[in-house]
Amino acid sequence: MSLPAALHLPFFQHAFVAILFAGVAFPLIGVFIVSLSLVPLRFAMMHIALLGGAVGLFLGLDPTLFALVFCAAASTALGPLSEKTKMGLGTLSGFFMTLTLALAFILFSRGKINVMEAFGILWGNILSLGVWDLVLAIGTSIFIIVVVFLLFKEIQAILYDREIALSVGLPERRIYYLIVFVLGITVAVSMRLIGALLVDALVLLPAIAAQMITRSLKQMFFLSSLFGLVSGLGGLFASLAVDIPASSAIILFASAIIAVCILSRRRFTSHANNP
Amino acid sequence: MHHSVELFDVHVSIEGSPVLRGVTIEAKPCEFVAIAGANGTGKTTLLKVTNGTLAPYSGRVIVLHEDLINHPNPNALRREIAFVPQKTNHHRFPLRVEEAVLMGRYGKIGIMRRPTREDRALAADAMRLTGILPFARKLVRELSGGEQQKVSLARALAQQASILLLDEPTTYLDAPSRSEIMETIHRIHHERELTTVMVSHEPEWVEQYADKVYLLKDGVALLTQ
């Protein structure tokens, strides 16, 4: 299919607009994940979404909606729960990851649910987005950008050192909980857009690439967004040009950007060592 | 006379093990108080209790005549307590020295507000006082341990608090730098009329600067000077 023809198709237009917003906003969350070492939380969200989907199917209701609600509820609760139980967020995420999976399988078994249908929640497809998916992607993206813009200095202090953020008199705990909440919501929405297994392409990989070559948090946010947008749109158009799955093409673009960043950093380091 | 800092019969346990077993210390306004003790005696814990980042399970913590433990807005009170930790957790985070020092102003600036020209001027002044102004554009992670310690001190000074808590501020410094930084701390303590509480594992080193020295041993604090 030619590009001009594709641009007239609603499904491609939806994907294009979703990537335009999510490509810019979602990698900002990747900066949180990278800086606060919250990768386990991203995996926990995937399993919590599966449980939500299983509950939805068990009750004969929309599994995607339930997956999103479960992720929203979990991301609201996990921050305070981690503080109350004095368990690190990583440990707590590991606990919930296995617990929710066990509960989901009980529901599959008891409700005679088609397991593949439940797992379908985890395989999103950027080329099959409805209008509500688009609204969700745009709304979440705007929310993320507003949070980062308004709370930049508070976020900067927390990503640098939570103890310092607290000791200078910032409401460190509330902002940290907000970060965890936004992260959970973003992962849930990303799953709907491109699938749980490919969330990292949109959220994490651009931030990893940016971290390698930046010298300030502002740069890191800006480059993460730029890399997210380039890999998102690049992957989308490449998938049309060479007829491969869009999500895989986005990952390939994001990985290529990381490779370029590694090479440019190595080159910079060797120049610095041998002036 | 009222005290700026008063800890009374403070007990703290960490993971079930008692660390502080009824510590009582007092610091009057403008007083320089040193707390000496061997490694692992709970000196850092004591400072964390004093700035309210760690809650004791019993005892009273009175800061600037207010009960820090039961305070309705501990963050507001914490803005008057500058804290210099022994080391920070910024292994790879990209942050310039000038940004790290400006962070001392963040609590006072207020949430969702941008730093003003005055905040930046106060941060620059703190960098000048601690001798790190030439490194202002460098990343904190690129500095030596001693220079990073000066960044922490500059951030605390930029906070313009009336109480200064120092957790072994000379740990990563060589002998000449230690004297230099202690002279700087001592001078600023007097110029700004601060109440300073410093912990150190070298009592003989802090005695010359302190008005009062407590020895922390077996979870209690004994006044020695």
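## Helix packing, chain contact and core

In this predicted model, helix H2 (residues 10-36) of chain A and helix H7 (residues 131-150) of chain A have axes that come within 9 Å and cross at roughly 30 degrees. Angles under 35 degrees count as roughly parallel, so H2(A) and H7(A) are roughly parallel to each other. Their crossing is left-handed.

Who meets whom here? On the H2(A) side you'll find A:His14, A:Val17, A:Ala18, A:Phe21, A:Ala22, A:Val24, A:Ala25, A:Leu28 and A:Ile29, and they meet A:Leu134, A:Ala137, A:Ile138, A:Ser141, A:Ile144, A:Ile145 and A:Val148 of H7(A).

Now for the chain contact itself: 22 residues of chain A are in contact with 23 residues of chain B. On the chain A side, helices H8 (152-160), H9 (162-167) and H13 (217-242) are the elements that give two or more residues. H8(A) gives the most, with 5 residues.

Then there's the largest nonpolar core, which holds 154 residues. The members that touch the most other members are A:Met45, A:Ala49, A:Cys71, A:Ala188, B:Ile35, B:Val101 and B:Leu165. H2(A) turns up again, giving the most to this core with 14 residues.

Take A:Met45 as an example. Leaving aside residues up to four places away in sequence, A:Met45 touches A:Cys71, A:Ala74, A:Gly184, A:Val187 and A:Ala188.

Technical notes. Residues numbered from 1 in each chain as written. Chains lettered and ligands numbered in written order. Predicted model: local features only at pLDDT ≥ 70, side-chain atom pairs only at ≥ 80, totals over all residues. Axes fitted to C-alpha atoms, helices over the stretch in contact; angles between N-to-C directions. Helix = DSSP H or I, 4+ residues; strand = E, 2+ residues; numbered from the N terminus. Parallel < 35°, antiparallel > 145°, perpendicular 65-115°, else oblique. Left-handed = near helix turned anticlockwise from the far one by under 90°. Contact = placed C-beta atoms within 7 Å. Core = buried A, V, L, I, M, F, W, Y, C linked by C-beta atoms within 7 Å. Buried ≥ 20, exposed ≤ 12 C-beta atoms within 10 Å, placed from the backbone.
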